[in-house]
Amino acid sequence: MCIALQQWLAYKRFCFELVLDVFTNCASLAALSFFFYAPFYLNFISPSQGVGIVGAADRSPISDEMLIYGTFMFLFVSLLLVNLLRDRSPASPADAFQLAGNPGALPAVTNASGDQKPLIGANGHANGYHGDFTHPDDTSKSGNRLTTTSGSHAVVQGSQQFVAISRALLASTDDKDAGSEEDIVEIPLAHSTSTPPTQSEEAEREETTSSSAGRPHWLTVRFVSQVLIIAAALLTLVLLKNSLWFVIVGCITALGVELTLYHLDDRPRAFTLLLGTVAFALVALTEIFYLKDVFAGNFPRMNTVFKFYFQAWALLAITSGAGMYFILESFRSASSSIGMHLWVRRVGQTVWSVVFLLLLLAGMVYPLVGTYQRYNQFAQRTNSLNGIDYLQSYSPGDYYAIQWLNSHVEGSPVIVEAFGPLGGDYSDYGRISAFTGLPTLIGWAGHEYQWRVNWLNNDSFAADFYQRGSDVNRIYTSKDPQTVLSILARYQATYLYVGNLEVATYAGSDLSRFRQFMPIVYQANGVTIYKVPGNS
């Protein structure tokens with residue numbers, strides 16, 4: 001998308017070269033992406049089983065969504081409103097004069113020798129001028145002199161009107177005149193009181209005005225587009241049940257697209273709007289489509305929302321940070337208002353600031369309360385970023401055994417640990433493999449299944465998958481040493497782990513019997529690790 005917009009800004013018209021450039025750049029990027037991730041793509045079997053349409057009962061209630069996106073939405077909608085009321089920024093310095101009502105005459109710089117050249121050249125850049133215009137009243141206080149980076153200049157005031165042009169618009173890398181003799185900056189402006197327009201100039205202006213009256217102004221185009229957005233929203237509410245949240249984010253997306261295109265020449269502003277627009281487009285997309293996976297029956301949108309909301313959250317975090325600048329910039333520009341207009345502006349800014357502060361404080365509640373709840377009231381509090389430290393108090397035997405394995409075992413030998421009766425998901429099962437990185441026969445069965453659902457379409461793969469859990473149980477419960485050793489050999493296992501969780505899971509079995517036919521390589525704090533004979 002960014003490549004297409006960049007190329008459009010370069011060409012400014014639709015043509016074959018534009019299409020070719022966009023295709024070439026996008027194809028090259030896609031090819032490189034596949035090349036660098038080829039090992040993943042060649043071996044990955046996607047768990048997706050197609051695309052589904054979200055049912056009315058499965059769409060998001062607005063109350064839940066506002067808890068997630070309330071603050072982001074407030075900031076981005078504020079940014080949209082600010083830019084909806086803002087005129088398009090000029091694309092070049094020459095446009096600044098045209099927008100100021102002076103399409104014909106541009107200021108000229110005249111030095112003491114009488115040489116004169118336009119302040120802005122045909123290429124739209126300043127001719128040797130580095131500085132800011134100030135109001136004539138300000139310059140008169142210092143003797144009608146204008147100070148720039150090239151020196152002090154006398155100001156010839158050609159009109160009581162004045163065009164304020166920022167240094168950003170007039171900046172030039174050409175500094176040939178810097179340090180030269182004193183220049184006189186003449187600013188001839190249209191509608192000058194000292195030199196009124198001639199009849200031919202007035203006729204030309206009227207002709208231009210009448211010809212442009214037949215063409216729709218951008219404000220008219222914006223008005224029509226907003227009417228269409230509202231009409232589409234109302235129609236969607238009628239035809240699509242339980243679609244309020246979708247309509248809201250859809251309207252935000254549509255308005256974001258409109259304003260991004262409108263302010264396209266203001267790159268920072270347009271890019272900020274684009275990021276937020278894409279974010280809300282992703283959110284809206286999940287209200288209509290979802291990727292089918294193993295949860296399609298009971299929780300069809302779970303992984304779709306889970307994954308796409310991550311991307312939307314990151315985009316909105318960036319958008320909100322950058323958008324705050326443009327929102328506050330609009331507040332500063334309101335300081336020039338007077339009378340009732342100023343009062344209304346200040347009241348609006350105060351209300352906005354209070355609402356934003358309340359949302360910000362409300363958002364700060366979750367990191368404290370949510371973390372406390374999710375971490376089981378900090379029952380194993382360690383004040384450490386090391387995810388294994390909690391085991392020192394929760395299960396010291398496992399902690400020191402894991403440390404030993406990480407220090408003394410090289411390579412990736414297979415280690416066998418207990419398998420949960422219900423698959424072990426969201427429990428302590430699989431903790432040895434997780435904290436050592438050593439492969440085991442099977443981890444959390446539910447997660448293993450959901451990522452291999454299409455892989456299990458192969459009958460031999462499915463038979464192997466469903467056999468593994470029962471084989472682990474047979475290793476710990478079988479009284480026949482040969483049965484145990486044969487199963488271990490089948491999976492090329494090197495170590496057998498016996499800790500408190502294994503003792504609790506297989507309470508009816510004598511787990512100390514393994515010492516009769518397997519050597520012990522580690523034993524401490526209630527944990528024993530056996531080495532499988534013949535496997536290294």
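A residue counts as buried when its relative accessible area is under 20%. Keep that cut-off in mind as you click through this predicted model.

**First stop: glutamate 417**

Select glutamate 417, in the loop between β8 (414–416) and α17 (431–436). Is this residue buried or exposed? Its relative accessibility is 2%, so glutamate 417 counts as buried.

**Second stop: glutamate 502**

Keep arginine 431 on screen and bring in glutamate 502. Here is another salt bridge, whose closest N and O atoms are 2.9 Å apart. Where does each partner sit? Glutamate 502 belongs to helix α21 (residues 500–505) and arginine 431 to helix α17, so distant parts of the chain are linked across 71 residues. Glutamate 502 has a relative accessibility of 0%, which means that it counts as buried.

Move on to helix α19 (residues 459–477) and pick out aspartate 471 and arginine 474. Their side chains form a salt bridge too, the closest N and O atoms lying 3.7 Å apart. Because the two residues are three apart in this helix, about one helical turn separates them. Then widen the selection to Asp464, Arg468 and Arg490, which join Asp471 and Arg474 in one network of salt bridges that share partners.

How many salt bridges does a search of the whole structure find? The count is 12, and the pairs on this tour are among them.

**Last stop: confidence**

Finally, colour the model by pLDDT. The mean for the protein is 80, and 75% of the residues reach 70 or more. Select residues 97–110, where pLDDT is below 50; the model gives this stretch 45 contacts beyond near neighbours in sequence. Then select residues 207–216, where pLDDT also stays under 50. For that stretch the model has one contact beyond four places in sequence. Where pLDDT is low, predicted coordinates should not be read in detail.

Conventions. Residues are numbered from 1 along each chain as its sequence is written. Side-chain values use heavy atoms; hydrogens and water are left out. A salt bridge is a side-chain nitrogen of Lys or Arg within 4 Å of a carboxyl oxygen of Asp or Glu. Helices (H or I, at least four residues) and strands (E, at least two) are DSSP runs, numbered from the N terminus. Buried means under 20% relative accessible area, exposed over 50%, partly exposed in between (1.4 Å probe, protein chains only). pLDDT is the predictor's confidence in each residue, from 0 to 100. Contact means heavy atoms within 4.5 Å.
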